Amino acid sequence: MSRVRVLVGTRKGAFVLTADGKRESWEVSGPFFAGWEIYHMKGSPVNPERIYVSQTSGWFGQVIQRSDDGGKTWNAPGGGVQKSPEGFPVGESNRFSYDTSEETGRPLTTHQWYDGTQHPWEFKRVWHLEPSLRDAEAVYAGVEDAALFRSGDGGHSWQELAALRGHGTGPQWQPGAGGMCLHTIVLDPKDPERIYIAISAAGAFRTDDGGKRWKPINKGLRSESIPDQDAEVGHCVHHIAMNPRRPGVLFMQKHWDVMRSDDAGDTWREVSGNLPTDFGFAIDVHAHEPETVYVAPITSDSLHFPMEGKLQVWRSRTGGDEWEAMTKGLPQKDCYVNVLRDAMAVDSMDECGIYFGTTGGQVYVSPDGGEHWRPIVHDLPAVLSVEVQTLT
Amino acid sequence: MIRVELPHHLRTLAQVSGAVTLEVEEPVTLRRVLDELETRYPVLRGTIRDHDTLRRRAFLRFFACEEDLSHSATDDLLPEAVRTGREPLLVIGAIAGGALEAVS
């Protein structure tokens, strides 16, 4: 029988939640890396026992952790006591150095700062880890300040895909409230050369040649918070989701507006429809129904909590425009938590399960596509990310 | 032997308990101690000082013999009591923020 493993990154450590296919009785393990911020953890689709973790701290910086046994034990790849043949220490799993080599196109080294001046790129942390769909040793990292890195050796070493920063619009990028972060990486399951990424507050970008060339894909987005509301870049994209069976169709939760693209991001149209508010962070697509989409509406950019204290997931079964509130089992009064951009996920059981975590430390599951919800855990630290593995 | 006391999170990361003892060649400077520390525990690279610039991370401090050495030149000799192992070099997590209200 299949089972699920839910990977939860929180403000104060990582947790692994496991259950059988019924998703009723849960075992909770953790905290792992207690006291550290775990921005994201995700398992390899090639080898589900391989899990990558972004462990970060304002004091101590960035560490990459890895498990090769499904989260039972962990190690920082390259972080052990090792020596090169010459006797020098090797292993630098937490080294993310921006590429400034001429060979890779001499990427721009400044972006727009809050005061309008140009500011050098400075590494802060890894927001998102996206394991390759084909190679368990390969994994992508989206970082702040915004850039995309890749490891081909299981997280031992990282190289920037520098053409993204260097493609031309970099000097116009600027940080959002949470920093200038590359927070979303979507890999095309049919085309290994195609990658989508999103940056706050620059927008969405796509490569069709494995990262050698990039282009902004923001046509159709409108943002009132920038002078040119439909500019090529500058949009605060919060998250992008895709159903792997239909990779050309993308759904986006923007700062405001829920958007849809049917042409791999070349153009977007708004599908907010009857949502009570189209502000939010998280968005995901049903594992088996490509037109079924989930969002967690948040009151506004000034009020980062659900409307009227009622925690709601809204579901569209029409690919947007028409939405319905899914509230059974969710608190419908006095609830003032947030659902962050990487804190929603779906499993691929026959009856698709939907999961999300809150800044109040709850992780909720709906084992029936959103009809009914129940908390798996109530009192974790603030949840930063939720990912699900469906295991056989 | 030089003794280095690490903050809790770095002891956990390096999988050590108590003070770390290091053999450091003369002259015993902060740079040499940190070089040796990172040689013994590569996982600590980047957690105390920047990978590339080797500058101290903003929210860490170096104390020894009731002195703050955080702003001393890294090639200065450490205090004699540290060099002889009578007193430890303390790596301290500053009582400050460091966590941004990010993600949202």
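Is A:Asp379 buried or exposed? With 8 other C-beta atoms within 10 Å, A:Asp379 is exposed (a residue is buried if 20 or more other C-beta atoms lie within 10 Å of its own, exposed if 12 or fewer, and partly exposed in between, with C-beta atoms placed from the backbone). A:Asp379 sits in the loop between β28 (374-377) and β29 (383-391) of chain A. Helices (H or I, at least four residues) and strands (E, at least two) are DSSP runs here, numbered from the N terminus. A:Pro189 is 190 residues away from A:Asp379 in sequence, and the two C-alpha atoms are 36 Å apart in space.

A word on the ground rules. This is a predicted model, where local features need pLDDT of at least 70, side-chain atom pairs count only at pLDDT 80 or more, and totals for chains, interfaces and linings use all residues. Residues are numbered from 1 along each chain as its sequence is written, while chains are lettered from A and ligands numbered from 1 in the order in which they are written. The scores for the model are ipTM 0.89 and pTM 0.94. In chain B the average pLDDT (the predictor's confidence in each residue, from 0 to 100) is 91, and 91% of the residues score at least 70.

Chain A comes first. Its secondary structure amounts to one helix and 29 strands. The C-alpha trace of chain A spans about 60 × 50 × 40 Å along its principal axes. A compact globule of 392 residues would have a radius of gyration near 21 Å, and the 20 Å of chain A agrees with that; the radius is taken over C-alpha atoms, and the globule rule is 2.2 Å times the number of residues to the power 0.38. Of the 392 residues in chain A, 54% are buried. Looking at contacts (two residues whose C-beta atoms, placed from the backbone, lie within 7 Å) between residues at least 6 apart in the sequence of chain A, 51% join residues at least 24 apart.

Now for the sheets. Strands of a sheet pair through backbone hydrogen bonds, either parallel or antiparallel. Two strands are taken to pair if DSSP finds at least two bridges between them. One open sheet of chain A has four strands in the order β17-β18-β19-β20, with antiparallel pairing. At its edges are β17 (237-242) and β20 (269-270) of chain A, each pairing on one side only. Strands β18 (residues 250-254) and β19 (residues 258-261) of chain A run antiparallel and are joined by four bridges, with A:Gln253 opposite A:Val258 in β19(A).

The loop between β18 and β19 of chain A holds A:Asp257. This residue has a phi near 90°, a positive value in a residue other than glycine. A:Asp257 counts as buried because 24 C-beta neighbours lie inside 10 Å.

Another open sheet in chain A also has four strands, in the order β21-β22-β23-β24, and its pairing is antiparallel. Its edge strands, β21 (280-285) and β24 (324-326) of chain A, have a single partner strand each, so one side of each is left without a neighbour in the sheet. On average, neighbouring strands of this sheet are turned by 30° against each other, direction ignored (axes are lines fitted to C-alpha atoms, for helices over the stretch in contact, and angles run from 0 to 180 degrees between N-to-C directions). Four bridges link β21(A) with β22 (residues 293-297) of chain A in the antiparallel sense, and A:Asp284 stands opposite A:Tyr294 in β22(A).

Most residues other than glycine have a negative phi, and most peptide bonds are trans. A:Gly30 and A:Pro31, though, are joined by a cis peptide bond, with omega about 5°; A:Pro31 lies in strand β3 (residues 27-32) of chain A. The bond from A:Ser200 to A:Ala201 is cis too, with omega near -5°.

On to chain B. Strands β1 (residues 2-5) and β5 (residues 89-93) of chain B run parallel, joined by two bridges, while β3 (residues 60-64) of chain B runs antiparallel to β5(B), with four bridges. B:Leu90 in β5(B) has B:Glu5 opposite it, and B:Phe63 also stands opposite B:Leu90. In helix α2 (residues 30-40) of chain B, the buried residues are B:Leu30, B:Val33, B:Leu34, B:Leu37 and B:Glu38.
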